[in-house]
Amino acid sequence: MMKKKLRILLIILLFLVAVIGCIVKFYRTDNRPKVVVVLQDLDSQYWNIVQAGAEKGFREFDIDGKVVAPSFKSKKDVQEYVLKNVLKEHPDVVVVSPLQSAAVKSILQKFIEHKIPVLLVDTDIPLEHKTAYIGTDNFELGRKAGELLASGLQPGDEVALIAGEVISPVSGDRIKGATSSLKDAGIKIVARKIDLPNEALPARKAMTTILEEHPDVKGVFATTDIMALNALDVIKKQGNKMPVIGADGIIKMVESIKDGTLTGTVAQNPYDMGYISVETALKVIKGEEVRKNIDTGVDLITNDNVRQKLDFLKELLK
């Protein structure tokens, strides 16, 4: 009889412990700072790396956070609808990599009107009363890319630029930076294929045309790695070899350096962007002052550090 009572008591105690644990967990989750990160898509490796950095920040800083994005194949203004749903959740801070859209800018203004701080990551836009921008100094990236490209060439050599929208603060600043340093080095830019979508086919067509019209071209700077890799593929298939500089540091671009196809490239730090944006969000929630522009830096990837970079990326995206 006594054993039976002890067994019942033990079952009751275990049940109470489980219930108390659930209650504690519930209140703990409710009381944590809430941060939502809205990216441009989650279908490409670059944005997956940003996501990994943000999620590391959620874990380390004990934040109730999530990363969301429209589908890569969605129309531009679909990000507006994603943001509208996030606004209904009323997070403590929203971190956004905005698409170039008046509708997106308008909904971000509504976050500010609702006293929700807006941090921009990766892509900066002229948004009144935004709290901060976390990302690359794209003029500096372009400048370093131009310097790296020029370092393997001679004054008077001809090069080409393949780029996205010039009106974009990302592509536009990269083009300006590269143009500046190439001009200083005495390198001639003889072809500019600009306002291209960041997709394989347009980059391949652009590179094919460049080689047909300018057979003496000795190098290429592309404002994204997707453009750079597809330009490189066209160059290789036509039996040529020349330096092609990208911008993002995705695995395939880094592997091209490791296997000797390229000697180097420049790269953003998307993982740091994600992590630092969450770290900054927490500072804002705590009422701490943060810098308006937080530069996440530009890496130069060469044979000296390529293995380390590749190991880091592969571990990150397991």
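Two strands count as paired if DSSP finds at least two bridges between them. Helices (H or I, at least four residues) and strands (E, at least two) are DSSP runs, numbered from the N terminus. The model is predicted, so that local features need pLDDT of at least 70 and side-chain atom pairs count only at pLDDT 80 or more, whereas totals for chains, interfaces and linings use all residues. Residues are numbered from 1 along each chain as its sequence is written, and side-chain values use heavy atoms, with hydrogens and water left out.

**Figure 1. Overview of the predicted protein.** The secondary structure comprises 11 helices and 12 strands. Of the 318 residues in the protein, 47% are buried; buried means under 20% relative accessible area, exposed over 50%, and partly exposed in between (1.4 Å probe, protein chains only). Contact denotes heavy atoms within 4.5 Å. Among contacts between residues at least 6 apart in sequence, 70% join residues at least 24 apart.

**Figure 2. The open sheet of six strands.** The strand order is β2-β1-β3-β4-β5-β11, and the pairing is parallel. The edges are formed by β2 (64-68) and β11 (293-295), each of which pairs on one side only. On average, neighbouring strands of this sheet are turned by 15 degrees against each other, direction ignored. For the angles in these legends, axes are lines fitted to C-alpha atoms, for helices over the stretch in contact, and angles run from 0 to 180 degrees between N-to-C directions.

**Figure 3. Strands β4 and β5 and the loop between them.** Strands β4 (residues 118-121) and β5 (residues 132-135) run parallel and are joined by three bridges. Val121 stands opposite Ile134 in β5. The loop between β4 and β5 contains Asp122 and also His129. Asp122 is not a glycine, yet has a positive phi of about 75 degrees; His129, likewise not a glycine, has a positive phi of about 70 degrees. Asp122 is buried, with a relative accessible area of 7%, whereas His129 counts as exposed at 58% relative accessibility.

**Figure 4. Helix α4 packed on the sheet.** Helix α4 (residues 102-113) touches β3 (93-96) and β4, and its direction makes about 140 degrees with that of β4. The helix has 12 residues and reaches 17 Å from its first C-alpha to its last, close to the 16 Å expected at 1.5 Å a residue. This expected span is 1.5 Å times one less than the number of residues in the helix. Ala103, Val104, Ile107, Leu108, Phe111 and Ile112 of α4 are buried. The cover over the buried residues of α4 includes α3 (78-89), β3 and β4.

Figure 5. Helix α8 (residues 225-237) has 13 residues, and the distance from its first C-alpha to its last is 18 Å, close to the 18 Å expected at 1.5 Å a residue. Its buried residues are Asp225, Met227, Ala228, Leu229, Asn230, Ala231, Leu232, Val234 and Ile235. They are covered by elements including β6 (158-162), α7 (200-213), β8 (217-222), β9 (244-245) and α9 (251-258). Leu232 touches Val244, Ser256, Thr261 and Leu262, not counting residues up to four places away in sequence. Between Leu232 and Val244 there are 6.5 Å in space, C-alpha to C-alpha, and these residues are 12 residues apart in sequence. Just after α8, Gly239 takes a positive phi of about 80 degrees.

**Figure 6. Packing of helices α9 and α11.** Helix α11 (residues 306-316) packs with α9 at an angle of about 150 degrees, the axes lying 10 Å apart. The two helices are therefore roughly antiparallel to each other; angles under 35 degrees count as roughly parallel, over 145 as roughly antiparallel, 65 to 115 as roughly perpendicular and the rest as oblique. α9 passes α11 in a left-handed crossing. A crossing is left-handed if the near helix is turned anticlockwise from the far one by less than a right angle, and right-handed if clockwise. Ile251, Val254, Glu255, Ile257 and Lys258 of α9 make the contact with Val306, Arg307, Lys309, Leu310, Leu313 and Lys314 of α11.

**Figure 7. Packing of helices α2 and α10.** Helix α2 (residues 45-60) packs with helix α10 (residues 270-285) at an angle of about 35 degrees, with their axes 7 Å apart. The crossing in which α2 passes α10 is right-handed. Residues of α2 in the contact include Tyr46, Ile49, Gly53, Gly57 and Phe58, and those of α10 include Pro270, Tyr271, Gly274 and Val278.
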